[in-house]
Amino acid sequence: MTLRLYNTLGRRIEEFKPLQEGLVKIYTCGPTVYDYAHIGNFRTFVFQDLLRRYLKYKGYSVFQVQNLTDVDDKTIKASREQGVSLREYTDRYIQAYFQDIDTLGIERAEVYPRATEHIADMVSLIKKLLDLGIAYFSEGSVYYRVSAFKDYGKLSGIKGELKAERIKADEYSKEEIRDFALWKSWDEEDGEVFWLTELGKGRPGWHIECSAMSMKYLGETFDIHSGGVDLIFPHHENEIAQSEAATGKLLARYWVHCEHLLVNGQKMAKSLGNYFTLRELLARQYTPSAIRFLLLSAHYRDRLNFTFDGLAQAETVVRRLQDFSLRLTEAKPISHEDRLVESVKEYKARFEEAMDNDLNSPTALAVFFEFVKEVNKKLDEGKVSQNDLEYCRAFLNTFNSIFNVIPSTQEDRLEPELQALIEQRQEARRRKDWATADKIRDELSRRGIQLEDTPQGVKWRRVKRLTL
Ligand code: AMP
Ligand code: ZN
């Protein structure tokens with residue numbers, strides 16, 4: 001079966017076929033690295049990981065580019081407030097971002113270009129737009145003339161009415177209010193942050209960053225472009241306008257957008273203050289697998305309301321999956337008659353059918369839970385054969401290579417602080433300082449980590465789960 005995806009460009013479900021057989025080229029808009037990303041951002045990034053993993057499962061090679069927005073109003077303002085260079089400031093949050101995606105089991109993209117390292121590419125693209133008469137200078141800045149691109153609005157259906165978000169009120173020098181900045185001339189608020197280029201002293205706008213970097217790494221036309229739904233307008237509409245006006249070619253063939261994570265019915269957003277970072281949730285003893293599971297439990301085109309009850313339920317589910325996986329690993333064949341092989345094939349087919357249908361994760365998960373239930377029953381009855389076990393294990397592995405929600409026994413990596421405590425305890429034990437070792441064990445236990453000393457070394461398990 002072929003994967004079908006909802007394409008925002010055209011607003012319908014389409015069969016997915018990459019330009020080049022066997023290879024999928026994807027561009028995903030990455031984080032603005034001015035702070036820790038929140039789990040709303042991670043809903044989109046985890047969804048993109050599901051897409052990536054499923055494409056690989058379908059046999060494609062994936063080449064994914066994700067930009068890091070390391071220059072914009074927010075990064076400049078925050079770095080100046082802290083009195084550190086933009087580079088030093090954004091390095092901190094880029095590092096944190098990579099730690100967070102590793103924690104959430106998100107596979108790394110092939111390339112993570114930083115905006116500040118691609119200024120020359122942006123300048124040459126802007127020059128091309130100037131030469132074509134699509135961009136114009138005004139008061140030292142360069143703007144895109146929206147009226148010059150006849151297809152403007154083809155993605156979002158918005159021809160350029162004003163949407164308050166992301167549009168600064170200070171741009172009186174534009175010909176039309178809907179025109180947007182490609183290059184911003186330096187002003188005092190930018191401090192030390194500027195580039196001296198053929199366009200003058202200044203810095204690039206946000207949208208041009210993605211057009212220049214996608215073209216550089218993926219070519220003029222690539223397969224999939226993805227982000228959260230808030231990026232459809234103006235960001236993606238503007239990317240199309242910039243790239244397609246410059247090349248005369250289609251920018252991306254499939255536009256795939258992830259709906260928002262909400263809190264009490266409102267979008268989770270830094271500006272609303274209703275957000276949780278991954279780190280906050282880990283500090284409250286929630287596990288990465290449960291957070292990931294929760295984010296994947298709804299279909300990506302449906303809104304998902306974040307609640308602590310939901311997260312606590314997700315904890316229970318991933319624990320059950322972990323127990324099931326352990327049980328399957330340890331199970332011994334009892335019967336010679338295959339009783340599960342045929343039904344596992346059916347579960348797998350239904351699972352794949354759900355995923356092929358625009359990555360319908362809730363249905364795919366429901367099928368997997370049916371499978372777990374039936375296998376548990378057969379194991380209780382002692383009615384499994386070697387073949388049965390092999391088929392079940394293979395399906396479990398397939399499932400987890402796509403969803404990646406079953407914690408291994410050592411699960412999610414431990415927070416560095418807790419890991420350090422375990423190491424201090426080991427050190428104390430080596431010194432035969434049993435009192436200190438016990439004290440650290442108690443401290444870890446208070447923080448929800450139970451230790452077990454085994455011949456292979458110390459193992460840990462999360463036991464206490466706090467809910468608000
Ligand atoms: P930003 O760092 O603000 O550029 O956002 C990074 C990604 O997170 C973008 O793809 C956004 O569309 C996405 N995003 C932001 N808020 C949410 C949310 N509440 N739910 C889902 N995705 C979001
Ligand atoms: Zn972008």
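In this predicted model, the axes of helix H5 (residues 206-218) and helix H6 (residues 232-247) come within 9 Å and cross at roughly 50°. H5 and H6 are therefore oblique to each other, and the crossing of H5 with H6 is right-handed. On the H5 side, the contact is formed by Trp206, His207, Ile208, Cys210, Ser211 and Met215; H6 contributes Pro234, His235, Asn238, Glu239, Gln242, Ser243 and Thr247. By class, the residues of this contact comprise 5 nonpolar, 7 polar and 1 charged.

A further helix pair is H11 (residues 361-380) and H12 (residues 386-403), which pack at an angle of about 150° with their axes 12 Å apart. Because angles over 145 degrees count as roughly antiparallel, H11 is described as roughly antiparallel to H12. The crossing of H11 and H12 is left-handed. The H11 residues in the contact are Ser361, Ala364, Leu365, Phe368, Phe371, Val375 and Leu379, and those of H12 are Leu389, Cys392, Phe395, Leu396, Phe399 and Phe403. This contact has 12 nonpolar residues, 1 polar residue and no charged residues.

Ligand 1 is surrounded by 18 residues, of which the closest are Gly40, Thr44, Asp230, Leu261 and Met268.

| Residue | Protein atom | Atom of ligand 1 | Distance |
|---|---|---|---|
| Gly40 | backbone N or O | nitrogen | 3.0 Å |
| Asp230 | side-chain N or O | oxygen | 2.4 Å |
| Leu261 | polar backbone atom | nitrogen | 2.8 Å |

Methods
Residues numbered from 1 in each chain as written. Chains lettered and ligands numbered in written order. Predicted model: local features only at pLDDT ≥ 70, side-chain atom pairs only at ≥ 80, totals over all residues. Heavy atoms only, no water. Axes fitted to C-alpha atoms, helices over the stretch in contact; angles between N-to-C directions. Helix = DSSP H or I, 4+ residues; strand = E, 2+ residues; numbered from the N terminus. Parallel < 35°, antiparallel > 145°, perpendicular 65-115°, else oblique. Left-handed = near helix turned anticlockwise from the far one by under 90°. Contact = heavy atoms within 4.5 Å. Nonpolar A, V, L, I, M, F, W, Y, C, P; charged D, E, K, R; others polar. Near = heavy atom within 4 Å. Polar contact = N/O pair within 3.5 Å; in protein donor to acceptor, adjacent residues only side chain to side chain.
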